[in-house]
Amino acid sequence: MIDGIRVIDFHGHVGRWERFGMNDNPKLMLHAMDAVGIDVSCLFHIFHPDGTTGNDLAAKFIAQHPDRFVGFAYVSPTMPERMLPELERAIDELHFRAIKLYPPYTPWPFNQTPWHPIYTFADERGLTIIFHTDHLENNRPRYLEDIAPMYPDANFVAGHSGNVPEARAEAIAAVQKYPNVYLETCSTYRMPGVIEELVEKGGKDRVLFGSDVPLMDPRPQIGKIITARISDEAKRLALGGNAERLLGI
Amino acid sequence: MSSLSFSPRIPVIDANVCVGNHYTEPSPCQSQAQLIDEMGYHGIDRAVIYHAQTEEISPTDGNRLLDDWLDEGGRLIPQWSVTPTTDSLTQIQAMHHEDRVRSVRLHNAQSAGLPFRSWGYDNLLSWLSEAGIPLWIPLMDVDPHDLITTLQAYPDLKTVLLGAHYTHALLVRPMLDSLANASLELSRYEPIGEVESLKRQFGASRLIYGSWYPRYAMGPILFYLHHTDLNEDELRMVCAGNVERILGI
């Protein structure tokens, strides 16, 4: 809790990735969250293309601290027959609140047809989808302009807000055009002025704090928001208000 | 616990700040006054600065440009860049005679075409070691095996290893183990819990706050350090004391 706000980290992982120091030790994660007042972290497991294996691991992890972690469902169009049944299971039975998609682990840019059954599902349910976005071919934020108007009852989040300036400009342009597109903040590219740019150009009601925990420690990532030259109201919305609204929690 | 605003509670030296325009990209910070303002906003008292032109174009020319950035109040501490040419070493040695050299910086040991090995760098490293001048080295610029084996031949040379990233997660511990006189600058190092873990293993005396502004914002890592298990003495060491000791200021 910071200044009366329930702080929600919109971008986190379950799983280990030792070569990068990623360790989903809940004690480590909760210690870092508690040190800076993060109440809830949204988590997903992206390392299994069937979806089921990772979603079950995420559910088991989250069940240890259900008041601190929220699950997002992961599926991949590389196993298309599994996508919709697994999404139904993850949302209806595991009670995950949103969907995470990771185009780098597929052959397709995320505006192409293999992804669209997922968007239809999200649109019918009024769910939010967060994508990994950056400057590489599969992950360009400009694809949000193709899908956002086709699925107006779904919400779409540009994870990392594109990471680098060129892709960030695409993410901001999509937010400016469509009311169901959002910007998420985690990135190792912590250039000065980025949070200010997202708030100024995207709008304070469209920015979501994320950290990439436990690939990254959430403390410097939330530090980007706290130390940015933006209003307290914009900080409150980015830290929790916008995520509460999107997730209905 | 956090609030919506942050100021450091101790004196701070930013050990890694770049000034001037990179040849491919104008800096968001165009003047000494702007830099001082940015430091003031984040509560940073002093900064170790080098010139962007020294990175890939010319250490000797860049060092001349750095003079224009220095302030009368001494808040900006010059760091001169060096490369293994006679002209460069002569320039640094001349400034050393004028008592103007507190540290030097070596860029692009790898891409400049001269591997970082004793047969290529002995003149420089022997002189720095004898003169007691510490050396800052960006990790992405040098082969890790060369870095460790070469520096082990100069055990009295103090080094500050810059810009460790989560992609260096497996390298950091054996590197600090192998180089007793090396410290780790933290501008990009975000694997979860690592500041506390490295402190426990190597001691706070081996860790140094730097931002690498303007590549990265000044505030997030400083915020992070204030929300760790570092006690007040350790925080003072990491945020200023260690770099004061290394620079002899």
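These legends describe close-up views of a predicted model.

**View 1. The side of chain A that touches chain B.** In this interface, 31 residues of chain A are in contact with 31 residues of chain B. Three helices of chain A, H1 (26-36), H8 (218-226) and H9 (232-247), each supply at least two residues of the side that touches chain B. H1(A) gives the largest share, 6 residues. By residue class, the side of chain A that touches chain B divides into 15 nonpolar, 8 polar and 8 charged residues.

**View 2. Helix H8 of chain B and its buried residues.** H8(B) covers residues 194-202, and Glu194(B), Val195(B), Leu198(B) and Lys199(B) are buried in it. Down the helix axis, these buried residues fall within an arc of 135 degrees, so they line one face of H8(B). They pack against two strands of chain B, S8 (182-185) and S9 (207-208). They also pack against helices H9 (219-225) and H10 (232-247) of chain B. Just after H8(B) comes Gly203(B), with a positive phi of about 95 degrees.

View 3. Gln53(B) lies in helix H2 (residues 53-56) of chain B. Is this residue buried or exposed? Gln53(B) has 23 other C-beta atoms within 10 Å. The cut-off for a buried residue is 20 or more, so Gln53(B) counts as buried. Leaving aside neighbours within four places in sequence, Gln53(B) is in contact with Gly20(B), Ser58(B), Asp61(B), Gly62(B) and Leu65(B).

**View 4. Gln53(B) and Ser129(B).** These two residues are 76 residues apart along the chain. Their C-alpha atoms are separated by 25 Å.

Key. Residues numbered from 1 in each chain as written. Chains lettered and ligands numbered in written order. Predicted model: local features only at pLDDT ≥ 70, side-chain atom pairs only at ≥ 80, totals over all residues. Contact = placed C-beta atoms within 7 Å. Helix = DSSP H or I, 4+ residues; strand = E, 2+ residues; numbered from the N terminus. Nonpolar A, V, L, I, M, F, W, Y, C, P; charged D, E, K, R; others polar. Buried ≥ 20, exposed ≤ 12 C-beta atoms within 10 Å, placed from the backbone. Arc of directions from axis to C-beta.
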